[in-house]
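Here is a short briefing on one protein model. Please look over the sequence and the structure before reading on.

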Amino acid sequence: VPGEPVRVVYPGKVVFAAPFEGYGPTAVVQHAGRAFTLYAGLESLGVRRGDLLSLSSELGRAGASLYFEIRVDNRPEDPRHWAR
């Protein structure tokens, strides 16, 4: 839902937080085990590069079309395998 908070799915460190061409405001979070999560299509960002995030920390606000991706060793992963 546009304007709703977008929260990180796993604790980590923000390695990118800026507009990304074609995706709008985007955040990339690095996690343990060579895993990254990517959140794009945000309406606004509430984090900066270098921020340390705990579970469920707010990254920003959802835009009209939110994009989420999990990558391990630079390969996309099925998010269903990460769901608890």
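Phe-16, Phe-20, Tyr-23 and Tyr-67 form one aromatic cluster. The model is predicted. The protein has 7 strands and 0 helices.

**Aromatic pairs**
- The protein has 4 aromatic pairs, counting ring centres within 6.5 Å.
- One of them joins Phe-20 and Tyr-23, with ring centres 5.9 Å apart and planes at 40 degrees, so the pair is tilted.
- Phe-20 is partly exposed, at 44% relative accessibility.
- Tyr-23 is also partly exposed, with a relative accessible area of 44%.
- Tyr-39 and Phe-68 make a tilted pair, with 5.2 Å between centres and 55 degrees between planes.
- Tyr-39 sits in strand β4 (residues 35–45) and Phe-68 in strand β6 (residues 58–72), so this pair ties together parts that are 29 residues apart in sequence.
- Tyr-39 is buried, because its relative accessibility of 2% falls under the 20% limit.
- Phe-68 is partly exposed, at 31% relative accessible area.

**Fold and dimensions**
- From the N terminus, the elements run β-β-β-β-β-β-β.
- The radius of gyration is 12 Å, which agrees with the value near 12 Å for a compact globule with 84 residues.
- The C-alpha atoms fill a box of roughly 30 × 25 × 25 Å along the principal axes.
- Among contacts between residues at least 6 apart in sequence, 52% join residues at least 24 apart.

**Surface and charge**
- Of the 84 residues, 30% are buried.
- The accessible surface is about 5500 Å², and 52% of that surface belongs to carbon and sulfur atoms.
- There are 10 positive and 9 negative side chains, with the centres of the two sets 6 Å apart.

Technical notes:
Residues are numbered from 1 along each chain as its sequence is written. This is a predicted model: local features need pLDDT of at least 70, side-chain atom pairs count only at pLDDT 80 or more; totals for chains, interfaces and linings use all residues. Side-chain values use heavy atoms; hydrogens and water are left out. Helices (H or I, at least four residues) and strands (E, at least two) are DSSP runs, numbered from the N terminus. The radius of gyration is taken over C-alpha atoms; the globule rule is 2.2 Å times the number of residues to the power 0.38. Buried means under 20% relative accessible area, exposed over 50%, partly exposed in between (1.4 Å probe, protein chains only). Contact means heavy atoms within 4.5 Å. Accessible areas come from the Shrake-Rupley method with a 1.4 Å probe; for residues, only the protein chains shown count as cover. Lys and Arg count as positive and Asp and Glu as negative; His and the chain ends are not counted. The place of a charge is taken as NZ of Lys, CZ of Arg, CG of Asp or CD of Glu. Rings of Phe, Tyr and Trp (its six-membered ring) pair if their centres lie within 6.5 Å; planes under 30 degrees apart count as stacked, over 60 as edge-to-face and the rest as tilted.
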